[in-house]
Amino acid sequence: MSDLSDTHHIPKRGQILFAVFFLIASVLLASLLWDQTVWKKGKDLFSQARFWPAVGVFGMLGFTALHLWHLPRRRFDRVDWQEGRIWLTVLEWVLWFLAYVWLVPLIGYMPVTLVFAPLLTLRLGYRSRKMIWLSVVIGAAIVLFFKAFLQVKIPGAALYEYLPGGIRTFFILYL
Amino acid sequence: MDLITEFFAQMHASGSYLARWDVVAALLAGSIGGVLIGAIPGVGPAVAIAILLPATFSMDPIVGLTVLLGIYGSSMYGGSIPAILINTPGTAVNALTTYDGFPMTTRGEARRALSLAYSSSFFGGVFSVLCLIFLAPVLAAVAPMFGSREIFLAALLGIILVVTAHRKQTLIAGAMACFGIWLSTIGLHPATYSKRYTFDQGWLSSGVNLIVVVLGLFALSQAFILLQGEDEKVRLTRLKGSFFQGFRELARHPRVASVSASFGVLMGMIPGVGEFTAQFMSYTYAQKTSKRPEDFGHGSSEGLIASETANNAVPSAAMIPLLALGIPGEALTAMMLSVFYVHNVTPGPQLFQNDMDFVVALYLALLILNVLVVAFLLVATNQLIKVVNIPNRFLGMSILILSFVGVFSLRNSFTDCILAAAFGVLGFVLKRLSLPVVPIILGMVLGGIMEVKLRSAMARVKTPLDFIDRPIAAVLFAIIMLVLILHARRVWLDYKQQREKSRSTSRASTRFEAHLSRRNRSLISERGKTVRSRRKTYSRPSGDKS
């Protein structure tokens, strides 16, 4: 089957780094196959618990090894390490996300979102009042749409327990 | 004839599914939301569907699926707007629209291009739904012939096609599909009750949730990409006048439109193929049969019709393998499969036999959706194009907040969020390297299906030939072999072409030193040595004394 992937530009930087990392992961997973799966006597091959994990890990191993072999450049270059450093910088956003996830059950979905959105907007370099207020409005709208309107399952925060009766129920249900 | 009469009676019965306020609201929300999402470059239907998926679990299946289908079907309409106006496709499948749409904008025909894109998309969408409606009785008759081994072979074909469709990236696509298969095996094995790759961690016993992986690979990774990138300055063209002229222009190209829509339907029905192949085939066809092939890529109306008609015909057709066999052909339908599972509705032959009203209601919803979207676009395009101005990094922040709802509302688990973040990083790396992400999702979904179906199929198989002794199984097996042979042939041709290119001196330097250096390299290579020894043998003086 032909597709338009020919027209896509595939960058060379970082390809070897990813291929080597994925190959190491595949080797490790393949070496753990016998430890992490069982083989039950009397059962046929396709009913064995080990069969499909083996298809997966050995497929990963074989395809990744061949991919590595067919790479246009099989030697590490300075640009690969530069690309690796860009991958690491993304960890900052991961930490922002996990901090948000950690704080919501403690302080509450609405209060955390109303602080998190403008803070992240500031971190991104936006300094105008318009953008900061826009982030607050968007944060509030997301919470109201999902929690109050669609009633998605996000539990009330630990902090809400200290609120007086009627307000507490309102906060737990809608904010 | 009886089948068709019976089917129209069923259409009447299905009307009751749609005549509900929540379904109507879902249709409106899905269609308008989908257009908006498509019009914002950097979001796309996959991100939106991944985020909204857990929210739809509390809805009725028809309501939840209508919202998701609405987003899927209408996002491509919206995606054509930035593709035409600013040369940036709103969704990945609108990439080909930029070839002819943007040149039309640069010569002051933006309104004509948009109008043509809307009318072509509408034609593709409606053509596809009508094909489905008339195919439904046939599908209902054929679907029960699919037993375990046929579904296994169809899923295997889907995986093979999704891997081989990634031309020049087949090996890494295969590795990603196998990674997906491995992910699907984590947890408790239902047949032997033994743990697989749980590393004695309780949270891994129930396996890796597909939605967590989807949210990580599509939504979080996209947020990271946008947060990491730069904002772009966008200059928009002012649009004046009516958008109806496109329908008149489309009517002048009935052949291109109908052939492109047929390619869309055909490619949508085959698991693992989808929009890119459909567009490629219809664009190539339109160019080869056009009276002005030189216009393609420089603002050809036929090129625009071909690409937009083909991609909009795919979503409805992609529902065929999902509904009839329970096999998703691509990432978006794989996500929709989880909506069925949550509501204990098993898509497959039984759905066609027992709940045909539901299936037809979905088709009708798709039909109404296309009408709603076009009506919305004809009146609201001037306002809608302003969403293109949203800064990328600000958009990334919004997607990060939205991703939280998707992951956390699933099971209120912090571990799920960590796992989603890890997949987000993986998705970020894959997107930066332009490596395929979709095979992971399809490997995960189809891997699970293949495991169950192969186990139950093998219980009734004594010799390997028994596996393909039924007509549909034999046909599927033949198709698998054909796809593999064609792929092997293409790999060989690519290899030959590359080898010839490396030996060719047509683009080499003409400097004397470079020529000497090439000659020297040729002489010391293995092939050079063989050629020289052969020439030496032939030019050896004869030993005859006569």
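1. **The contact between the chains.** In this predicted model, the contact takes 63 residues from chain A and 62 residues from chain B; two residues count as in contact when their C-beta atoms, placed from the backbone, lie within 7 Å. On the side of chain B that touches chain A, the elements that give two or more residues are α3 (44–56), α7 (148–164), α8 (170–185), α9 (210–228), α12 (275–289), α17 (392–411), α18 (414–432) and α19 (438–458) of chain B. Helices here are DSSP runs of H or I with at least four residues, strands are runs of E with at least two, and both are numbered from the N terminus. α17(B) gives the most to that side, with eleven residues. By class, the side of chain B that touches chain A has 38 nonpolar, 17 polar and seven charged residues. For the classes, Ala, Val, Leu, Ile, Met, Phe, Trp, Tyr, Cys and Pro are nonpolar, Asp, Glu, Lys and Arg are charged, and the others, Gly among them, are polar.

2. **Reading the numbers.** Residues are numbered from 1 along each chain as its sequence is written, while chains are lettered from A and ligands numbered from 1 in the order in which they are written. Since the model is predicted, local features need pLDDT of at least 70 and side-chain atom pairs count only at pLDDT 80 or more, whereas totals for chains, interfaces and linings use all residues.

3. **Confidence.** The model scores ipTM 0.93 and pTM 0.85. For chain A the mean pLDDT (the predictor's confidence in each residue, from 0 to 100) is 90, and 95% of its residues reach 70 or more. Confidence in chain A is highest in helix α1 (residues 15–31) of chain A, at a mean of 96, and lowest in helix α8 (residues 165–174) of chain A, at 85. Do look at residues 1–7 of chain A: the pLDDT there is below 50, and this stretch has 23 contacts in the model beyond near neighbours in sequence. Chain B has a mean pLDDT of 85, with 94% of its residues at 70 or more. In chain B, helix α1 (residues 2–18) of chain B has the lowest confidence, at a mean of 70, and α8(B) the highest, at 95.

4. **Chain B as a whole.** Chain B has 22 helices and two strands. Its radius of gyration is 26 Å, close to the 24 Å that the globule rule gives for 546 residues, so chain B is as compact as a globular protein of that length. That radius is taken over C-alpha atoms, and the rule is 2.2 Å times the number of residues to the power 0.38. The C-alpha trace of chain B spans about 105 × 65 × 55 Å along its principal axes. Of its 546 residues, 53% count as buried, with 20 or more other C-beta atoms within 10 Å of their own; 12 or fewer makes a residue exposed, anything in between partly exposed, and C-beta atoms are placed from the backbone. Among the contacts in chain B with a separation of 6 or more, 80% are between residues 24 or more positions apart.

5. **Domains.** Chain B is divided into domain 1 (2–460) and domain 2 (473–503), with bounds that come from an automatic or database domain assignment. The C-alpha centres of these two domains of chain B lie 28 Å apart. Nine residues of domain 1 of chain B are in contact with eight residues of domain 2 of chain B. The side of domain 1 of chain B that touches domain 2 of chain B has six nonpolar, one polar and two charged residues. Chain A has domain 1 (8–89) and domain 2 (91–174), and 38 Å separate their centres, taken over C-alpha atoms.

6. α7(B) has 17 residues and reaches 24 Å from its first C-alpha to its last, close to the 24 Å expected at 1.5 Å a residue; the expected span is 1.5 Å times one less than the number of residues. Because 15 of its 17 residues are buried, α7(B) is largely enclosed by the rest of the structure. Lys168(B) lies in the loop between α7 and α8 of chain B. Lys168(B) has a positive phi of about 70° although it is not a glycine, and it is partly exposed, with 14 other C-beta atoms within 10 Å.

7. **Two residues of chain A.** Trp52(A) sits in helix α3 (residues 51–69) of chain A and is buried, with 23 other C-beta atoms within 10 Å. Leaving aside neighbours within four places in sequence, Trp52(A) is in contact with Ile181(B), Thr185(B), Gly447(B) and Glu451(B). Gln151(A) is in the loop between α7 (129–149) and α8 of chain A, with a positive phi near 55° in a residue other than glycine. Gln151(A) is partly exposed, with 13 other C-beta atoms within 10 Å.
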